[in-house]
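Here is a short report on one strand with its neighbours and on one helix pair. The sequence and structure come first.

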Amino acid sequence: MSFKEYIKNASLAPEEGDIIEYMTIRDRLTSNVLVNSQREIPGTACSYEADVTALYDEFLKLREKCGYRLTFNTLMIKILVEGLKSAPRLNAHFEYDHKSTSGRLIIKKHIDVAIAVCLDSGETFQIKAKHLEEKNLEQTAFDVEEIKRKLLNTNLKRVMFKVGGQRMLGLASKGQIGSTFAQFRSAYFGKAKIAKFSKLFRKKYRTTSTSDKPYDGLHADDFTEGTVCYTNWGTLYDKLDVNITYIPPLYPQVFLFATGRIKDTEYVYKDDKGNLQLGTKKMLPLTLVFDHKIGGANDIMPFIKKLDEIFGNPKEIHNW
């Protein structure tokens, strides 16, 4: 083996016939947030098996009479919002300085839920539903449907360029000039570039609408970090039988709420006469992930207690 071949093997370089996929601009933005999250957030996760048997019955009744399109996924987003009202420290951003070991928790006035939306292509985007603490269930359902509709009308590449530009400016404003320059250079130069620099000035990369019709898509602000993250793997596969164990919150958020798929679970119980009976419950696996820097279990307990209250008395959803 020649010295050149030895170095190539040692560096795990691609071999002939390997398929190479360079990261898209969406991949870069997502990866940057996740890497920052893993580095900045000492996360703690807990699994919560929720008995939603009664809640699901009330949901079916409400859906039949409400007069608008209501999904169980939207109902869970509203439950998340109600839980955050009882645990406001989870609806926050955390700024931390490693050098001085100091930081501050910014408890947000509004609840802006970053909802994971998956396209048919397999691409997933975190898109904000804004000011949900002010909205009832019908208004929340409308916002969720509008996000899905507008996403299909959005020039995603154009918007992602603007999001990327905003983040580079954010780095520069914090004095991180080296990181800003490195991101700019890798985006527009080299094998892994995502666009030619000249395309920045072409119409399809401009952030304003280029047609005579009013713009009816999403804007860059819709893709920036919300105050909390919600994700639902249960919508991806109708036979999903796994529980999410951990997903990092999106930095600088301090909380993530993940749901799986409702499962019909058999259980044994005693009837009024003391006889053992076999019944079925609807169980929903939930995963709660929070930044341990904000404190300990005391911060998440009010949220869990509120969920217990809702699942124990689900008729209250008719008043939402």
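## Strand 6: both faces

Strand 6 is covered on both faces. Val228, Tyr230 and Asn232 are buried on one side, Cys229 and Thr231 on the other. Strand 6 spans residues 228–232, and five of its five residues are buried. Buried means under 20% relative accessible area, with a 1.4 Å probe and protein chains only.

This is a predicted model: local features need pLDDT of at least 70, side-chain atom pairs count only at pLDDT 80 or more, and totals for chains, interfaces and linings use all residues. Residues are numbered from 1 along each chain as its sequence is written, and side-chain values use heavy atoms, leaving out hydrogens and water.

## Strand 6: partners

Strand 4 (residues 113–118) runs parallel to strand 6, joined by three bridges. Here Ile115 stands opposite Tyr230. Strand 7 (residues 255–259) also pairs with strand 6 in the parallel sense, over four bridges. Cys229 stands opposite Leu256 of strand 7.

Strands pair if DSSP finds at least two bridges between them. Strands (E, at least two residues) and helices (H or I, at least four) are DSSP runs, numbered from the N terminus.

## Helices 4 and 5

Helix 4 (residues 72–86) packs on helix 5 (residues 137–152) at about 120°, axes 10 Å apart. Axes are lines fitted to C-alpha atoms over the stretch in contact, and angles run from 0 to 180 degrees between N-to-C directions.

Thr74, Leu75, Ile77 and Lys78 of helix 4 make the contact with Leu137, Thr140, Ala141 and Val144 of helix 5. Contact means heavy atoms within 4.5 Å.

Terms used:
Buried < 20%, exposed > 50% of the residue type's maximum accessible area, 1.4 Å probe, protein only.
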